[in-house]
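Hi,

Here is the structure I promised to pass on. Please open it and keep it beside this email while you read.

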Amino acid sequence: PRLACSFHMSEDQFRKIFAGDFSVLPPEERNIVRIFLSSTFGDFVHERNRLAKDVFPVLQSYCQHKGLEFQVIDMRWGVRDENISLHLTSDVCIQEIQNCQRLSLGLSFLALLGDRYGYIPLLSAIPTEEFELFLTLADAHHVDSSLLSVWYKLDSNANPPVYQLQPITTYFPDFTSTKKLFKQQHSTMWQNEFEKLQNLIWQLAEIAVKETKMTLERFHLYKQSVTEDEIRHGILALKSPNNHCLCYNRQINGINMRDTAASKYTDVDPQNPKKINSMAQDCLKCLKNVRIPAVLDSSNIRNYTLTWSHNNGIDTSLSEHENYLKELCSHVLSDVKSLIDKSLNVKHMQLSALHQDVFHHAKFCCSKCESFCGRESILDQIYNFIKSLNKKPLIIYGPSGSGKTSLMAKS
């Protein structure tokens, strides 16, 4: 019998796999369309709600008819306080993006970008050399760096060692409290500490750049928002993003910084809430106008322009805004369907049962080797036995769970 498999392989790749080179193994067959929905939250409430109500149920039904499962990862429901305290917000998001890329058939990332660059976190870990450079620069320029040493501690167990940002609850234990008043007090205290610490790091990093001791690329990581980090992993880092990513850009003209809703829709200057944060806006413009178009085809990017609604931002009672939401939903529906169909229409190649059997064993072998370490002496014994002219069988035995299968796979 011959089985169908949705990937292309050359005869040379077949030979490499049979010879034990598993670096060219084809991907697992996938039957899930799993999409990470990326955007800033407060300014995209209407879009996310409308997609969840009018688009995703239709796509779920569409996928079911094709034998596929449909899932959307929407992080707006929040990250647990414990993870926030441990500064894992970005890590949780990136892990979900990687899960989508690993599991999803075709489309794995859908970005909604507006006029807001979004929240910029502290780096959870700073390389040892870089941290010590900051301390040296602080001394040389008479900058008080004591706050840096309070919140970042050397983690010598990391490889390589890093200075790790300490949990918020280290100094503000009620940050995760179930008592609202206590939690609010410590959240406010942390926010004040956070701003001081972030400004200190930015100040020292700017000095490092001026003295050519840090590259602009590295400096940018200190001023990178969570949203850009998601896009960096979800779009910019992919080899073929056009098969896996969609981006929808919304621009609202005439945002009035005096309106109470303005801070929800654009980045405001921390020192002057009535003024736009030019640094954040420059980063956003570069992302939307340069970096994303450099890797995504125009057919994967949609652009929308709206007029600001006084004190509302997006106002569904306005025909212009309602029509925009309908158009967005229509575009997302057709674009996602198109990428799903494109993935399903990949030319199938016929593989013999022997090839399928070899692939199955090779993938099983790789899965068992992922977390394998040590046992060098036993591996050497097995290697020497196999290379010898000994015709007797080699038996590996041991109690259940001792790692016999993993040892055989590594061998």
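S108 touches R34, I35, F36, C100, Q101 and H244, leaving aside residues up to four places away in sequence. Bear in mind that this is a predicted model. S108 sits in the loop between α4 (89–103) and β4 (109–113). Is S108 buried or exposed? It is buried: its relative accessible area is 2%, and the cut-off for buried is under 20%.

Now the sheet. Five strands make an open sheet, in the order β3-β2-β4-β8-β11, and they pair in parallel. Which strands stand at the edges? They are β3 (69–74) and β11 (301–307). Each has a single partner strand, so one side of each has no neighbour in the sheet. On average, neighbouring strands are turned by 15° against each other, direction ignored.

Strand β2 (residues 32–38) runs parallel to β3, and 6 bridges join them.

Next, the aromatics. The count comes to 12 aromatic pairs. Take F131 and Y152. Their ring centres are 6.1 Å apart and their planes are at 50°, so the pair is tilted. F131 is in helix α5 (residues 128–140) and Y152 is in strand β6 (residues 152–155). They are 21 residues apart, and the pair links distant parts of the chain. Both F131 and Y152 are buried.

Then W151 and Y171. Here the ring centres are 4.7 Å apart and the planes are at 75°, so this pair is edge-to-face. W151 lies in helix α6 (residues 146–151), while Y171 lies in the loop between β7 (162–165) and α7 (180–210). The pair therefore ties together parts that are 20 residues apart in sequence. W151 is buried, at 0% relative accessible area. Y171 counts as partly exposed, because its relative accessibility is 36%.

W151 and Y171 also belong to one aromatic cluster, together with Y119, F172, W190 and F194.

Last, two charges over rings. K223 lies over the face of W202, 4.8 Å from the ring centre. R250 puts its charged end over the ring of F44, at 4.1 Å from the centre.

Best wishes

Notes:
Residues are numbered from 1 along each chain as its sequence is written. This is a predicted model: local features need pLDDT of at least 70, side-chain atom pairs count only at pLDDT 80 or more; totals for chains, interfaces and linings use all residues. Side-chain values use heavy atoms; hydrogens and water are left out. Helices (H or I, at least four residues) and strands (E, at least two) are DSSP runs, numbered from the N terminus. Buried means under 20% relative accessible area, exposed over 50%, partly exposed in between (1.4 Å probe, protein chains only). Contact means heavy atoms within 4.5 Å. Two strands pair if DSSP finds at least two bridges between them. Axes are lines fitted to C-alpha atoms, for helices over the stretch in contact, and angles run from 0 to 180 degrees between N-to-C directions. Rings of Phe, Tyr and Trp (its six-membered ring) pair if their centres lie within 6.5 Å; planes under 30 degrees apart count as stacked, over 60 as edge-to-face and the rest as tilted. A charge sits over a ring if NZ of Lys or CZ of Arg is within 6 Å of the ring centre and within 35 degrees of the ring normal.
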